Amino acid sequence: MKKLNSLKLQLLIFGVLIAVFYGNTLFNDFVHDDIWQVAENKYVKNVSNIPAIFTSCIAEDILGGCRNKGFYYRPLQSVVYAIVYQVSSKPWLFHLANLVYLLIISLLVFHLFSLIISKTTPGVVLGLVGTVLFLAHPINSEVINWVSATPELLTTIFMMLAIILYDKFRKKSKIYYLLFSALSYFLALLAKETALFLLPLLPLYEFLFSKPQKGQGSFKRFSFISWHLGAVGLYLSLREEALGRVIYKYAGYYSMDTYTQVINALTLLPKYLWKLIYPLPLSFQPQILPVSSFGLMGWLGVFICAAAVLASFFLWKKKKKGMLFGLALILLPLFPILVFINKLGENLFSERYLFLSSIGFSLIAVEICRRLLSHTSGRSSHVLSKIPVAVLLVFLGVGWWVVFNRNKDWKDNSTSYQSMIRVNPNHTKAHFQLGEYYLGIGEFSKAQEELKRVLSLDPNYPGAQKRLDMSVQRYNAKTGLSFYQPAGFKVVEDEHELSLYEAQNRLNIRISLEKVKGSKEEYLSGQTEKFGVLNKEGLGSVPNFDQTVVRVWQDPAPDGAGQVAKLQFFLFKGDQVVKILVYPADSPLMEQFNLVLGSIRIH
C-alpha cells in the first residue's frame, strides 16, 4: 500500500476514474452562460487582454459597464479561459480543461485526507477511498459539465492548496510555505468571491491539527493567518476598484425582506444537505420558489443549525477532529449562498454549490468507516472490513451510471432544457427557454408548442406572449429570408429589397440578401454606398450568423434640425450576406427592430 504515495499511481487511478465517469463530456457543446462568458467574451480571445481582465467584470458588455453595475469580480476565471482559448476555441478543450482541474483537485483532496486521517497505511487507503467517493458523487456532475462553473473548480484547487501549504509551514517552519499559502488563498478569491467565507478553515485547521510550540500563546499561534487577511484586503481593494463597491448592487429577483430571506435560507439548508445524501433527481435549474412563512422544512433548518452547533462541541470534546473539519467543509461553502440568498437571482437552488461540501461529506464518511473498523477485532473485523468495500463498489457502479447518463443532458441547450422538463414537466422557465431555443433555430411550430405550454402554466410569465407572437407573426420573403413582422408594421417587397415601415414613420427598416464574392473584407470594401458621414464601424453579434459588421452613420435631418443616426448591418452566413439599414437609431421602436434582427433566417 505504500505505492499509493506514488504520484504516478495516483495520477493513474484518478485519471482513469475521471475518464470513465466524465470522458463523454468532451462531446458536449457550450451551454447556457458559456456562450457569453466564453464564446462571445472579448477578453478571452487574446492574452494581451489579460491586464484589462483585472479591471473588468463578468458580463461587462451586457451590463453596460462594471462600476456600480457589475455582479461578479472573478478575473481568474477569464484568465484561464483566455489561456485555453489560445490553443483552441472549440468547446471540447474547455471541457478537457475542467477534467484536468478535477484531476488536480483529486490529488489535493487525497493529500489533505491523508494528512487529516494519518499517513499510516490505513490512513492512506482511507484517503484514497474518500477521494474516490468525492469523484464518484453525482452531485458534482454539474460543475464538471458546465464550463461556466470553472470558478468552483479553481476556488477548490487553491483553497485545498492553501490549507496543505499552511500545514507544510507549521511542520517545517519555512516562511515561504506561508507566503505561498496566502498566495493560493488570494487566487481562490480571484476565482470566486465566496472564498471569503472559507477563510475560517485555516484557523480551524490550525486549532485542530497543529501543535503549538512551547511557550507560544494563542495570539502568536493564530497570527500567521494575518497573511491571508492581507490577501482579503488586497482582493477587496481590487474588487471595489472594478465594481465600485464590495457587495454588488442588486435588489434581488424576488422581493424578500430580511425575515423572508432568513426563512428561505433555513428552508433551503435541509434541501442542500439531503442532496449530499441522495442527489437524485439531478436538474440544472430546479424550480424552487421562495416561501413566505415557516413550514416543516424551515423548522428542520432551525433544528439542523442547533444540531450543527451541538455536534461541533461534541466532536471537539471527543477529539474527533477529522469529522469536525469535515462538518466545517460541508457548512462553510453553503453559508454565503444562504446568507445572500436574495443576490442569487431567479434560481435559488443549484447543485454546483455543493461541490466543495461534497469533500467534507466524503471526509466524514471515511472517518466514520475508520472508527467503526477501529472498534472491531479478530474475525469480526475481517468480516466488517468487507462491508465498506462492498458499499464503495455499489456506490461506484450506481454513481457511474448516473453521471455517465447525466453528462448527456449537457450536450447542448436543447437537451439541457429537455432534461429539466423531464424532471419537472411543469417547469415554466425550462419550457420558456426551450421555446426561445426553437425560435433561434427557426423551429417555429415547436417554439409555439413550448410557449403555449408556458402560458398555460403561468399566463403572466414575462416575455412569453411576446415570444409567441414572434413565432406566429413571421414574414417569408421572396428573396429567401424570413423574420418576425411586428404588429403595426407593413412590408413592401420587390425582387431585390424589402422595407418595413411603421404607420407613423417612426422607424424604417430596409433588408436585402446578396451573394458574397471573394472574402468578407473584399465585399465590405466594395460597399461604397453612403448614408451620411460614417461615424463608427465595428463587429457585432447576431444569433445564427457567422459574423456581423455594424456601421453607424450620421445624416442631416430632413428639416435641417440636428442629425439622424442610421445603423447599417452586414450579417454574413456562408457565401451570403443580409444587408440591413435601420433609422432613426434613437427611435422608441428600436426594441421592435431588435426582435426583427434576432429573428432573421436565410432559407
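Predicted model: local features only at pLDDT ≥ 70, side-chain atom pairs only at ≥ 80, totals over all residues.
Local features are taken only where pLDDT is at least 70 and side-chain atom pairs only at pLDDT 80 or more, while totals for chains, interfaces and linings use all residues. Residues are numbered from 1 along each chain as its sequence is written, and side-chain values rest on heavy atoms, with hydrogens and water left out.

The nonpolar interior comes first. A nonpolar core here is a set of buried Ala, Val, Leu, Ile, Met, Phe, Trp, Tyr and Cys residues joined through side-chain atoms within 4.5 Å; buried means under 20% relative accessible area, exposed over 50%, and partly exposed in between (1.4 Å probe, protein chains only). The largest such core holds 116 residues, and the members touching the most others are Met160, Ile163, Tyr185, Leu201 and Phe325. Helix H6 (residues 91-117) is the biggest giver to this core, supplying 16 residues. Helices (H or I, at least four residues) and strands (E, at least two) are DSSP runs, numbered from the N terminus. Tyrosine 185 has quite a list of partners: leaving aside residues up to four places away in sequence, it touches Phe158, Met159, Ala162, Ala195, Leu196, Leu199, His228, Ala231 and Val232 (contact means heavy atoms within 4.5 Å). A second, separate core has 26 residues, among them Val542, Leu571, Ile580 and Val596.

Phe325 sits in helix H16, along with other buried residues including Met323 and Leu327. H16 (residues 321-331) is mostly covered, with nine of its eleven residues buried.

Helix packing shows up in the pair H5 (residues 75-87) and H9 (residues 150-172), which meet at about 105° with axes 10 Å apart. Axes are lines fitted to C-alpha atoms, for helices over the stretch in contact, and angles run from 0 to 180 degrees between N-to-C directions. H5 and H9 are therefore roughly perpendicular, the label for 65 to 115 degrees (under 35 is roughly parallel, over 145 roughly antiparallel, the rest oblique). Leu76, Gln77, Val80 and Tyr81 of H5 meet Thr150, Pro151, Leu154 and Phe158 of H9. By type, the contact has six nonpolar residues, two polar and no charged; Ala, Val, Leu, Ile, Met, Phe, Trp, Tyr, Cys and Pro count as nonpolar, Asp, Glu, Lys and Arg as charged, and the others, Gly among them, as polar.

Turning to the sheet, seven strands form an open, antiparallel arrangement in the order S3-S4-S5-S9-S8-S7-S6. Strands S3 (489-493) and S6 (533-540) are at the edges with a single partner strand each, so one side of each has no neighbour in the sheet. From one strand to the next, the twist averages 15°. Two strands pair if DSSP finds at least two bridges between them; S7 (residues 547-556) and S8 (residues 563-573) have ten, in the antiparallel sense. Valine 549, for one, bridges to phenylalanine 570 in S8.

The leucine 280 to proline 281 peptide bond is cis, with omega near -5°, in the loop between H14 (258-277) and H15 (296-317). Another cis bond links tyrosine 583 to proline 584, with omega near -10°; proline 584 lies between strand S9 (576-583) and helix H25 (590-599). Histidine 32, in the loop between H1 (7-22) and H2 (34-39), has phi near 50° and is buried at 10% relative accessible area. Lysine 319, in the H15-H16 loop, has phi of about 60° but is exposed, at 62% relative accessibility.
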